[in-house]
2 protein chains.
Amino acid sequence: MADNRIIIEGSGRHIHLSQTDLEALFGTGFELVAKKYLSQPGEFASESRVDVVGPKGTIQGVGILGPTRAQTQVELSYTDARILGINAPIRESGNLAGSAPCALVGPAGKVDLAEGAIIAKRHIHFTPEDAEKFGVVDKEIVQVITDGDRALIFDEVVVRVSPKYATYMHVDYDEINAAALFGEVTGIVKKK
Amino acid sequence: MADNRIIIEGSGRHIHLSQTDLEALFGTGFELVAKKYLSQPGEFASESRVDVVGPKGTIQGVGILGPTRAQTQVELSYTDARILGINAPIRESGNLAGSAPCALVGPAGKVDLAEGAIIAKRHIHFTPEDAEKFGVVDKEIVQVITDGDRALIFDEVVVRVSPKYATYMHVDYDEINAAALFGEVTGIVKKK
């Protein structure tokens, strides 16, 4: 990356499951099979899908990402949350205390989540090397400038730095649509 | 309005019909009945709804706004356009040449539109008095700053000035969701 540009990726709705919830939904000893590896090293889209159920509606066939995590996390857009009828808050990944309840229905069973449904706060994964190059640090809030017919400047973008990451910005599809960021797109990182 | 703040309103998907298309869909001599008057003087949500049909899907019961216009115009979000399977372009209202085709199905008939489906370019309606106060002119492109968890700065916001308008910014629901602009919200107009 020559200047301070990063690649912007859209994250569709998806689920991270705990091993316990995975087995409750798919059966004892079930393991996720990678269908496609994602931009973040080791993360993959699996073959497995479940239905997400809320008080007002169901979204069928939501993809499960692997590997499993400590706590089940359902990442939605506001569009999705409205279909389900739940009040999912904007949160960073893993910050699930008091997030929205919903139910998951798989081929072997149902899991009622008391919390776990969130709308992901827009963020950039940085390698430590890129973070240094961009002059940003973990947890810093930056802006990202886009262009085109629906040009906008994302504010409240959280920087996350880890040697486990690859450098990519993640937004959801409401944000992709609002900024008309289709295909291979980049944005310019701007310190506040 | 003390400072340079404007009210931001979300526009859901809706249709403006020509009198010819209105009668083709609802029957000869049909007239729209106002259910709710909108922020722009004289504009109203009617009781009437039609289905919008594209090659990949249908959106049922899309509301028709009144009064009728010279040309039928279907205003969608990218989320909607993807459901229908059409390539609706970002356009200013009324600029329909070469916009996307779709079909409308009403109780009395069907209308095949060769063009007319657009995704509205984000814009601000200004009264001439407010435009002067804000120091902006018709067709000017400005930015609008929002705040909150999903704060962002909308760029490419078109200013439209007319004595027929009331001063409001209009964005679609992808943009409302992307900026988490729920309830009564305002933004700050910034000249570029």
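Q: In chain B, how many residues join strand 4 to strand 5 in the hairpin?
A: In this predicted model, strand 4 and strand 5 of chain B are joined as a hairpin through 4 residues. Strands here are DSSP runs of E with at least two residues, and helices are runs of H or I with at least four residues, both numbered from the N terminus.

Q: And in what sense do those two strands pair?
A: Strand 4 (residues 44-53) of chain B pairs with strand 5 of chain B in the antiparallel sense, over 6 bridges. Pairing requires that DSSP find at least two bridges between the strands. Within this pairing, B:F44 has B:G66 of strand 5 as its bridge partner.

Q: Which way does strand 2 of chain B run relative to strand 5, parallel or antiparallel?
A: Strand 2 (residues 14-16) of chain B runs parallel to strand 5 of chain B, and 2 bridges join them. There, B:I15 is partnered with B:I64.

Q: What does chain A have at the corresponding places?
A: In chain A, strand 4 (residues 44-53) and strand 5 run antiparallel, joined by 6 bridges, and they form a hairpin with 4 residues between them. A:V52 stands opposite A:I59 in strand 5. Strand 2 (residues 14-16) of chain A runs parallel to strand 5 (residues 58-66), with 2 bridges, and A:H16 faces A:L65 in that strand.

Q: Before going on, what conventions apply to the numbering and the confidence limits?
A: Residues are numbered from 1 along each chain as its sequence is written, while chains are lettered from A and ligands numbered from 1 in the order in which they are written. Because the model is predicted, local features need pLDDT of at least 70 and side-chain atom pairs count only at pLDDT 80 or more, whereas totals for chains, interfaces and linings use all residues, and side-chain values use heavy atoms, with hydrogens and water left out.

Q: Now the backbone. Which peptide bond in chain A is cis, with omega near -5°?
A: It is the bond from A:G66 to A:P67. A:P67 lies in the loop between strand 5 and strand 6 (73-76) of chain A. In chain B, the bond from B:G66 to B:P67 is cis, with omega near 0°, and B:P67 is in the loop between strand 5 (58-66) and strand 6 (73-76) of that chain.

Q: What about phi values?
A: Most residues other than glycine have a negative phi, and most peptide bonds are trans. B:E156, in strand 12 of chain B, has a positive phi near 55°. B:A180 also has a positive phi, about 50°, and lies in the loop between helix 4 (173-179) and strand 14 (185-191) of chain B.

Q: On to the interface. How many residues of each chain are in contact?
A: There are 26 residues of chain A in contact with 26 residues of chain B, contact meaning heavy atoms within 4.5 Å. The area buried between the chains is about 2,100 Å², of which carbon and sulfur atoms give 51%. That area is the accessible area (1.4 Å probe) that the two parts lose on being put together, summed over both. A:D149, A:R150 and A:I153 supply 26% of what chain A buries against chain B, more than any other three residues.

Q: How many salt bridges are there between the chains?
A: The count is 4, where a salt bridge is a side-chain nitrogen of Lys or Arg within 4 Å of a carboxyl oxygen of Asp or Glu. A:E175 forms one with B:R150, with the closest N and O atoms 3.6 Å apart. Another joins A:R150 to B:D172, with the closest N and O atoms 2.9 Å apart. The latter pair runs from the loop between strand 11 (141-145) and strand 12 of chain A to strand 13 (residues 168-172) of chain B.

Q: Which strands pair across the interface?
A: Strand 12 of chain A pairs with strand 12 (residues 152-161) of chain B in the antiparallel sense over 3 bridges. A:I153 stands opposite B:I153 there.
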